[in-house]
Amino acid sequence: MQVNSEQIPAEDVTNQPQPTQAQGARRSKARSAVVGLSASDLEKAAALRRMKRLALSLLIVMAVIFLFAFALQKQYPWLEYVRAAAEGGMVGALADWFAVTALFRYPMGLKIPHTAIIPRRKDQIGESLSDFVESNFLSQEVVQDKLVSIDIARKAGAWLSAPGGAERVAKEGGAMIRGAFTVLNDDDVQAVIEGLVRKHLLTPPWGPPVGRMAERIFADGHHHKLVDLLVDRAADWVDANHNTVNRLVSDRSPVWVPTFVDGMVGDKVYVELLKFVRAVQNDPNHQVRQSIDSYLTDLAQDLQHDPAMIERAEAIKAQILGDPEVRELASRTWGTVKTALLTAVDDPNSELSQRFKGAVRDFGSRLVNDDELAGKVNAWIGDAAGYLVNTYRSDIAGVISDTVARWDAEETSQKIELQVGKDLQYIRINGTVVGALAGLLIFTVAHLLFG
């Protein structure tokens, strides 16, 4: 508990021996341990004590002057003016001491009404301060005007485009990614991926969407290149496999057919087959191509509307992606993503890191140079801040009243006195001076009027 210098007799204040440096340090540590003050608060407390001693010294000086003037005023009539000034100074000093002290504690321990205002009414003061902050500071207009004057977008852009800005963002982003991977459980993530695959890939039927996509592809003729490739490969195969065609014909002819006949038939089959393939290859409107287009178009329609075809597509899907395959897909996906990201963020020279830093610098430059983009970003920030203020202003301001309510009454009084007590002591000093001047003026006017 802080000691009030007014409660110490004058001789105790003036006649106490000065502590050595070591003793002063020990007392400072003891005071800090008792009240839990920081180093800054200890400095303020020391300044407050000095100001209290100064104000008390002025009161004592006025009292001494009053005693001497009162005792000698009959011998020296001019001392009546000095006595009046000292008397007014004492009255002013005592009145202001009472007023200042009444804010923080009971004067001389006497429970006089309307004193110790802060300890007794700390909760109401906290609520009033909370309402004041909420009404005058936490308003959408005030916050948005402040953000507009700051121009956050361009300041952020200048920082991002400056050397080190993008590197700092990449470093902090990498730390966040590593922290997230440390917290996340691989089995849980794989379960989420598996659930997404089942929901968006396995549960919906494949036939209709595949049919619609195929219909658009076939209608635009994008499949013709694939058909051309297949026909070209078929023509190349036939051209390079004359002997294979002859052998196939010979293997399937009756045993009683002479060999030279098999050769003649094989050559004929080979020539006709090659002519047929070449015709298909060279004619974009060949009947075979049209038959392929018709078949593919019908297949696309059946995938969309034929229940039997849709059922076949579902059976194929079940064969391709069963439970083991889905789990393996989820495991591989998460493992690949995790390994790639960790490798990239751990290497500042990786392609991902370089691209990310380049994107950050480019975005910062655009914020600085693009007025439209900067205006949009500032507007987004202002709208977001306005929403947060309008939604949570009471909760934010409530921190003040809740914090003050948790404080001990004596602790609250001490905290406030440390902040403003030094300035309040000037009131006592000014009261002493003004009181002395007022007393002198009143006595002079009365003496001139009444003699």
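Phe443, with a relative accessibility of 17%, falls under the 20% limit and is therefore classed as buried. I begin with this residue in what is a predicted model.

Let me turn to the aromatic pairs. The count for this model is three. One of them joins Tyr81 and Phe443 in an edge-to-face arrangement, with 5.2 Å from centre to centre and 90° between the planes. This pair connects distant parts of the chain, since Tyr81 belongs to helix H4 (residues 79-104) and Phe443 to helix H20 (residues 409-450), 362 residues apart.

Another pair consists of Phe132 and Phe137. Their ring centres are 5.8 Å apart and their planes stand at 70°, which is over 60 degrees, so this pair is edge-to-face as well. Phe132 has a relative accessibility of 44% and therefore counts as partly exposed. Phe137, at 47%, is likewise partly exposed.

My second topic is helix packing. The axes of helix H9 (residues 165-183) and helix H18 (residues 351-369) come within 9 Å and cross at roughly 130°. Because of that angle, H9 is oblique to H18. The crossing of H9 past H18 is right-handed.

Which residues make the contact? From H9 they are Ala166, Glu167, Val169 and Ala170, and from H18 they are Phe356, Lys357, Val360 and Arg361.

Methods
Residues are numbered from 1 along each chain as its sequence is written. This is a predicted model: local features need pLDDT of at least 70, side-chain atom pairs count only at pLDDT 80 or more; totals for chains, interfaces and linings use all residues. Side-chain values use heavy atoms; hydrogens and water are left out. Rings of Phe, Tyr and Trp (its six-membered ring) pair if their centres lie within 6.5 Å; planes under 30 degrees apart count as stacked, over 60 as edge-to-face and the rest as tilted. Helices (H or I, at least four residues) and strands (E, at least two) are DSSP runs, numbered from the N terminus. Buried means under 20% relative accessible area, exposed over 50%, partly exposed in between (1.4 Å probe, protein chains only). Axes are lines fitted to C-alpha atoms, for helices over the stretch in contact, and angles run from 0 to 180 degrees between N-to-C directions. Angles under 35 degrees count as roughly parallel, over 145 as roughly antiparallel, 65 to 115 as roughly perpendicular and the rest as oblique. A crossing is left-handed if the near helix is turned anticlockwise from the far one by less than a right angle, and right-handed if clockwise. Contact means heavy atoms within 4.5 Å.
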